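Reader: I have a structure open on my screen and would like to go through it with you piece by piece. Could we start as soon as it is up?

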Amino acid sequence: MSQEGSVSGEHEADHTSHGFQRSMAQFERASRSLAGGVATAFRAAQQPVPVSFTAGHGSRLTDVDGNGYVDYALGFGPMLLGQSPEPVLAAVRRQLDRGLGYGASHELEAELAEAVCRTVPSAELCVFGSTGSEAVHVAIRIARAATGRNRVVKFLGHYHGWLDPVHVGIPGQTGKAPATGGQDPEASAAVTVCRWNDEEALAAALGNDVAAVIMEPAAINVGAFPPAPGYLERARELTARAGAVLIFDEVITGYRLALGGAQQRFGVRPDLTVLGKALGAGFPISAVCGRRDVMAVVADHRVSHVGTFNANPVCASAALAAVTELERRADVHYPHLESVGTAFAQSLRSGAEAAGLPLVINQIGAAAYGFVSDQPVRSHEDALAARPADYRRFARALLEEGVHVIPRGLLYVSTAHTTADLDETRDAITKAAARTAEELEAGDGR
Ligand code: PMP
């Protein structure tokens, strides 16, 4: 135990020489009243300690110890425009003076729905919620009401939020067991977990009881795997033939892989789309949008869509400003995201290669995933064989060099990342990769 103290054995490593003392103290303080010391369990994995931040501007973060970082975690994805983008702040400031919520309609919700329907290729009608998990739940409810069926097909390694029915077969899992304590095993009784990128497996899973097939159209959460050529088209055909609703969960890919998300990038239109994260540029807002005839179950009140915060005016103002900015300057933002994403992935690969660190980086535009693995990682099975503890060690070394990444492997870039950021990051990667390779060579912490 270090002199700063630690509440968790996982965070007892020697951190003091790297200047995380205040984060350490903050974690210890938080742990006394905040269960687990972090507000979302994913943050607990950060080594040497879950870092506490005080400020973020553009692509940069500052922590309580005064350390500065180039940020590639982006709040787990939402900050596609970087931290505190001015067009979003200006819209939110305007709204803050006009009320925080009316419990009634307002103009922004229609404007935002129009913007979503304009930018997402398959969207004709839309509804709003607050989080991605909740929107997935709504999408499934709509699909069940629209088809009069109950079964849902999801895919191994795909993540659709933390609610019980779909919280099975998530990244790191092999079967359909509950992924957390307290999860109702019965809740996923009507869910079939299927291999992704496998046309035959999908065809076999599609009985006449299937209401919906839900997938991440590019499997970002399990390793940034692209759909195999022709797979999305085939899934489109098979679901249409089976009378099942095809749902693309674009909580990560929406507005990130293209203005119109993965469906635009890969040219396949689902029946329903789930949006979250980048839609709100940091504010909690999500959406389900899709074909008019499917969404009709909400319009005609067969599905009662409720929620105190649905399209609340502050979040709606942020989302409208974000979508407007992305749409208005799409010709600048998307090529930039593509080139920054590619350059970052390339820096990681070449820095690791020079250091002899077996790092695999899968990248699709502005989203990527890193693994420490001696083999290419192209599937859920490959991901299970990779070395997550070694990647966490690399993430820690990056942190110590001023580069903030999600310890699990996800990597994001924003429109705010600059050439200077990339140059600085390249140097940091070289040092972090060398140190990680040395530590792994020495068998330290394996
Ligand atoms: N779907 C996908 C693809 C996600 O990545 C996430 C969150 N990581 C969710 C749904 C759930 O979103 P939220 O955390 O906002 O509930």
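Reader: Which strand does β4 pair with, and over how many bridges?
Author: In this predicted model, β4 pairs with strand β10, residues 286-290, in the antiparallel sense and over five bridges. Within that pairing, valine 127 stands opposite valine 288 in β10.

Reader: And is β4 enclosed or open to the outside?
Author: Strand β4, which covers residues 125-129, is largely enclosed by the rest of the structure, because four of its five residues are buried.

Reader: Let me change topic to the domains. What does the assignment give for the chain?
Author: The domain assignment gives domain 1 as 9-78 + 330-442, and domain 2 as 86-328. The C-alpha centres of the two domains lie 27 Å apart.

Reader: How many residues are in contact between domain 1 and domain 2?
Author: On the domain 1 side 30 residues are in contact with 33 residues of domain 2. Between them the domains bury about 2300 Å², and 58% of that is on carbon and sulfur atoms.

Reader: Which residues in domain 1 lose the most area to domain 2?
Author: Those are Tyr334, Ile364 and His380, which together account for 31% of what the domain 1 side buries.

Reader: Now the sheet with β11 in it, please: what is the strand order?
Author: The order is β11-β12-β14 in an open sheet of three strands, and the pairing is antiparallel. The edge strands are β11, residues 359-364, and β14, residues 410-412, each of which pairs on one side only. From one strand to the next the twist averages 25°.

Reader: How many bridges join β11 to β12?
Author: Six bridges join β11 to β12, the strand at residues 367-372, and these two run antiparallel. Leucine 359, for instance, has valine 372 in β12 as its bridge partner.

Reader: Which helix packs on that sheet and touches β12?
Author: Helix α13, residues 388-400, packs there and touches β11, β12 and β14, with its direction making about 115° with that of β12. Helix α11, residues 330-355, lies across β11 and β14 and runs at about 170° to β11.

Reader: I also see a four-stranded sheet; what order do its strands have?
Author: That open sheet has the order β1-β2-β3-β13, with mixed pairing. At its edges stand β1 (53-57) and β13 (403-404), and each has a single partner strand, so one side of each is left without a neighbour in the sheet.

Reader: How is β1 joined to β2?
Author: Four bridges join β1 to β2, residues 60-63, and the two strands run antiparallel. Alanine 55 stands opposite threonine 62 in β2.

Reader: Which helix lies across β2?
Author: Helix α14, residues 419-441, lies across β2, β3 (68-71) and β13, and it runs at about 105° to β3.

Reader: On to the aromatics: how many aromatic pairs does a search of the whole structure find?
Author: The search finds five aromatic pairs. One of them is formed by tyrosine 72 and phenylalanine 344, which are stacked at 3.8 Å centre to centre with 10° between the planes. Tyrosine 72 lies in the loop between β3 and α2 (86-96), whereas phenylalanine 344 is in helix α11, so the pair ties together parts that are 272 residues apart in sequence.

Reader: Are tyrosine 72 and phenylalanine 344 buried or exposed?
Author: Tyrosine 72 counts as buried at 0% relative accessibility, and phenylalanine 344 is buried with a relative accessible area of 3%.

Reader: How about tyrosine 391 and phenylalanine 394, where are their ring centres and planes?
Author: Their ring centres are 6.0 Å apart and their planes are at 75°, so the pair is edge-to-face. Tyrosine 391 and phenylalanine 394 are three residues apart in helix α13, which means that about one helical turn separates them. Tyrosine 391 counts as buried at 2% relative accessibility, and phenylalanine 394 counts as buried at 0%.

Reader: Last one from me: where is asparagine 150 found?
Author: Asparagine 150 is found in the loop between α4 (132-147) and β5 (151-155), and it is partly exposed, with a relative accessible area of 45%. Leaving aside its neighbours within four places in sequence, asparagine 150 is in contact with Arg144, Ala190, Asp209 and Ala211. Its C-alpha atom is separated by 8.8 Å from that of valine 191, which is 41 residues apart from it along the chain.

Notes: Residues are numbered from 1 along each chain as its sequence is written. This is a predicted model: local features need pLDDT of at least 70, side-chain atom pairs count only at pLDDT 80 or more; totals for chains, interfaces and linings use all residues. Side-chain values use heavy atoms; hydrogens and water are left out. Two strands pair if DSSP finds at least two bridges between them. Axes are lines fitted to C-alpha atoms, for helices over the stretch in contact, and angles run from 0 to 180 degrees between N-to-C directions. Contact means heavy atoms within 4.5 Å. Rings of Phe, Tyr and Trp (its six-membered ring) pair if their centres lie within 6.5 Å; planes under 30 degrees apart count as stacked, over 60 as edge-to-face and the rest as tilted. Buried means under 20% relative accessible area, exposed over 50%, partly exposed in between (1.4 Å probe, protein chains only). Domain bounds come from an automatic or database domain assignment. Buried area is the accessible area (1.4 Å probe) that two parts lose on being put together, summed over both.
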